[in-house]
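Open the model in your viewer and keep the selection panel at hand. The stops below say what to select and what is found there.

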Amino acid sequence: MTNNVPRNYPSAERNQEPILKVLKQFLGRTDKFKVFEVAAGTGQHAKAFSGHFSCASWEPSEYDPSLLNDIKLHCKNLKNVKSPLLVDISKNLDDWLYLPQHVGKYDVGICVNMIHISPIECTYGLFKNMAKLLATGGLLFTYGPYAVDGVISPQSNVDFHNSLKSRNPEWGLRDINFLKEVSAAEGLKLEMVIDMPSNNKTLVFRQLPPGSSSDQIAKRLSYVNNNNLNGQC
């Protein structure tokens, strides 16, 4: 970031439209809902997504303190985006320096391109903490490249995985079955796996009531404000 100009990640520019297309399948443009974003990066996704869902309340978080001002700059003209929180997702929620505003009441969680480029503790922390942050029935969307049934494909993903491992042995593509097990242990059910451009996928998890074994495929969020039919926030 220089001269109050925020950084832009090319990957965020490329993937924000495909991810937004997925979000539109579950969320109405004028629906009122609360979002907690993990690993918000420069804030490009927060800007693009909250700009479309203008009635949503968006709360970004990020591990790298040097990116917080980028998020603020990208989102400075968006009244529905809150000030970003400095969060280490690998730590338990109770140990966070700043607590989110709506613990247990968030309707949506979003995490883009973090799981494969962070230590495994961050993956465990993501599901453990989102299970505490989300309301019952809330949705968690994760995006990135994944292994499927123990296989990484195509070769470009294999090369990417090896490149990540060479940079940090704790990084690398995680298997969807593994993520399904880890999330289920926290009460989050993997409901959909959506193929995305460039050999990525979006995973959709739902926060289930305690003891629930629902196999219902994700539907439009149930908390849509029935009085909000005129497009006004």
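This is a predicted model: local features need pLDDT of at least 70, side-chain atom pairs count only at pLDDT 80 or more; totals for chains, interfaces and linings use all residues.

**The largest pocket.** Start by selecting Ala 39, Glu 62, Asn 113, Met 114 and Ile 117. The pocket around them has a volume of about 760 Å³, and of its 34 lining residues these five are the closest to the centre. To see the elements involved, colour H1, strand S1 (34-38), helix H2 (44-52), S2 and H5; each gives two or more residues to the lining. By type, the lining holds 17 nonpolar, 12 polar and five charged residues.

**The second largest pocket.** Next select Arg 14, Tyr 143, Pro 197, Ser 198 and Asn 200, the closest to the centre among 14 lining residues. The space here is about 300 Å³. H1 and H5 each supply at least two lining residues, and H1 gives the most, with four. The lining divides into five nonpolar, eight polar and one charged residue.

**Helix H5.** Now select residues 155-167. At 1.5 Å a residue, the 13 residues of H5 should span 18 Å, and the end C-alpha atoms are 18 Å apart, so the two agree.

For the largest, about 60 Å³, select Ile 19, Val 22, Leu 23, Ile 110, Cys 111, Val 112, Phe 141, Thr 142, Tyr 143 and Thr 202. Helix H1 (10-26), strand S4 (106-112) and strand S5 (134-144) each supply at least two of its lining residues. Eight of the lining residues are nonpolar, two are polar and none is charged.

The second largest cavity, of about 30 Å³, has a lining that includes Cys 111, Asn 113, Met 114, His 116, Thr 142, Tyr 143 and Tyr 146. S5 gives the largest share of that lining, three residues. Here six residues are nonpolar, four are polar and none is charged.

**Ser 61.** Finish in strand S2 (residues 57-62), where Ser 61 is found. Is Ser 61 buried or exposed? Its relative accessible area is 1%, so Ser 61 is buried. Show Glu 37 as well: the side chain of Ser 61 reaches the backbone oxygen of Glu 37 at 2.7 Å.

How values were computed. Residues are numbered from 1 along each chain as its sequence is written. Side-chain values use heavy atoms; hydrogens and water are left out. On a 1 Å grid over the protein atoms alone, a cavity is a set of points where a 1.4 Å probe fits but cannot get out, and a pocket is an open set with protein on both sides within 12 Å along at least five of seven lines; lining residues have an atom within 4 Å of a point. Grid points are joined across faces, edges and corners, and a volume is the space filled by probe spheres set on the points. Ala, Val, Leu, Ile, Met, Phe, Trp, Tyr, Cys and Pro count as nonpolar, Asp, Glu, Lys and Arg as charged, and the others, Gly among them, as polar. The expected span of a helix is 1.5 Å times one less than its number of residues. Buried means under 20% relative accessible area, exposed over 50%, partly exposed in between (1.4 Å probe, protein chains only). A polar contact is a pair of N or O atoms within 3.5 Å; within protein, one must be able to donate a hydrogen and the other to accept it, and residues adjacent in sequence count only if both atoms are side-chain atoms.
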